[in-house]
Amino acid sequence: MTLTQRVADRSRPSSELDRQLTRELGDLTTSAPFQPTGPGEVRGLTEDPEAAVSATMIALRDDRYAVAIGVGEVFLTRVTDPQGRLAVAADGAGMHYGHEAAATGRSIERVAVRVCAADQQSAAEAQAVLKLVGRIVSVRSEAEWRVVDLLIPGARGQQKDVAAQLGITPQAVSKAVMRSLWHEEWDARPAAATLLQRCAEHF
């Protein structure tokens with residue numbers, strides 16, 4: 001996965017935003033952790049399609065990053081750089097498709113997500129679903145995020161606790177959840193993960 005900052009014309013990418021995104025992605029299951037690889041660019045590897053969906057939604061929050069996903073076999077080799085630091089080198093079809101996705105991922109589309117794989121149909125379907133779910137995430141308001149950031153998917157009876165934490169009424173929490181399409185987002189995430197997995201089945 002390659003995550004590229006969406007910056008205005010003549011603006012410089014923020015290295016602090018890259019570091020912030022890296023911290024937000026730190027708990028996801030990865031084969032190689034997400035880390036900054038250049039100004040305005042963060043990359044990582046995962047074999048878990050659900051982790052890939054989560055990374056996509058985190059990156060799309062507030063329309064901060066364009067997301068490029070390459071699906072395919074990847075070979076990892078541990079190497080030591082001239083300073084004696086251990087690094088991981090990656091090669092294989094997955095890297096090729098990742099570079100292909102990144103090369104076309106800097107678009108001006110409202111939701112910038114690209115998926116590339118040998119199975120082009122499954123890649124297109126995964127991309128379409130990620131764009132739809134990503135649209136929900138990218139336009140969510142700050143007030144809505146204050147509510148949904150405190151929610152745990154699948155848990156019951158949370159809204160009263162969230163209301164107490166925020167000092168608002170349960171009805172206000174319920175309205176924020178409805179406006180934010182939080183339930184719809186989490187209902188659709190498994191479909192995106194399934195389609196990414198289908199891409200991976202055609203190496």
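Buried means under 20% relative accessible area, exposed means over 50%, and partly exposed lies in between (1.4 Å probe, protein chains only). Keep that scale at hand for the whole tour.

This is a predicted model, where local features need pLDDT of at least 70, side-chain atom pairs count only at pLDDT 80 or more, and totals for chains, interfaces and linings use all residues. Residues are numbered from 1 along each chain as its sequence is written, and side-chain values use heavy atoms, with hydrogens and water left out.

**Stop 1: the whole chain**

Show the chain as a cartoon. It has 8 helices and 7 strands. These are DSSP runs (helices: H or I, at least four residues; strands: E, at least two), numbered from the N terminus. Of the 203 residues, 41% count as buried.

The chain's accessible surface comes to about 11,600 Å². Carbon and sulfur atoms hold 51% of that surface. Accessible areas come from the Shrake-Rupley method with a 1.4 Å probe; for residues, only the protein chains shown count as cover.

Next, think about contacts, meaning heavy atoms within 4.5 Å. Take those between residues at least 6 apart in sequence: 59% of them join residues at least 24 apart.

**Stop 2: helix α1**

Select Glu16 and Arg19. Both lie in helix α1 (residues 15–24), 3 residues apart, about one turn of the helix. A salt bridge is a side-chain nitrogen of Lys or Arg within 4 Å of a carboxyl oxygen of Asp or Glu. At 37% relative accessibility, Glu16 counts as partly exposed. Arg19 is partly exposed too, with a relative accessible area of 41%.

How many salt bridges does this rule give? The count comes to 11.

**Stop 3: Glu41 and Arg43**

Select this pair next. Glu41 forms a salt bridge with Arg43, and their closest N and O atoms are 3.6 Å apart. Is Glu41 buried or exposed? Glu41 is buried, with a relative accessible area of 14%. Arg43 counts as partly exposed, at 27% relative accessibility.

**Stop 4: a bridge between two helices**

Select Arg198 and Glu125. They form a salt bridge, with the closest N and O atoms 3.5 Å apart. Arg198 lies in helix α8 and Glu125 in helix α4 (residues 120–138), so the pair ties together parts that are 73 residues apart in sequence. At 36% relative accessibility, Arg198 counts as partly exposed. Glu125 is partly exposed, with a relative accessible area of 28%.

Salt bridges that share partners join Glu16, Arg19 and Arg23 into one network.

**Stop 5: the tryptophans of α8**

Select Trp182 and Trp186. Both lie in helix α8 (residues 182–200), 4 residues apart, about one turn of the helix. A search of the whole structure finds 1 aromatic pair. The ring centres of Trp182 and Trp186 are 6.4 Å apart and their planes stand at 55 degrees, so the pair is tilted. Rings of Phe, Tyr and Trp (its six-membered ring) pair if their centres lie within 6.5 Å; planes under 30 degrees apart count as stacked, over 60 as edge-to-face and the rest as tilted. Trp182 is buried, at 7% relative accessible area. Trp186 counts as partly exposed, at 33%.

The rule asks for NZ of Lys or CZ of Arg within 6 Å of the ring centre and within 35 degrees of the ring normal. Then select Arg61 and Trp145. Arg61 lies over the face of Trp145, at 3.7 Å from the ring centre.

**Stop 6**

Select Glu50, in helix α2 (residues 49–60). Glu50 is exposed, with a relative accessible area of 55%. The C-alpha atoms of Glu50 and Ala193 are separated by 5.2 Å, although the residues are 143 apart along the chain.

Move on to Asp62, in the loop between α2 and β4 (65–71). Asp62 is not a glycine, yet its phi is positive, about 60 degrees. Asp62 is partly exposed, with a relative accessible area of 46%. Asp63 is in the loop between α2 and β4. Its phi is near 60 degrees, a positive value in a residue other than glycine.
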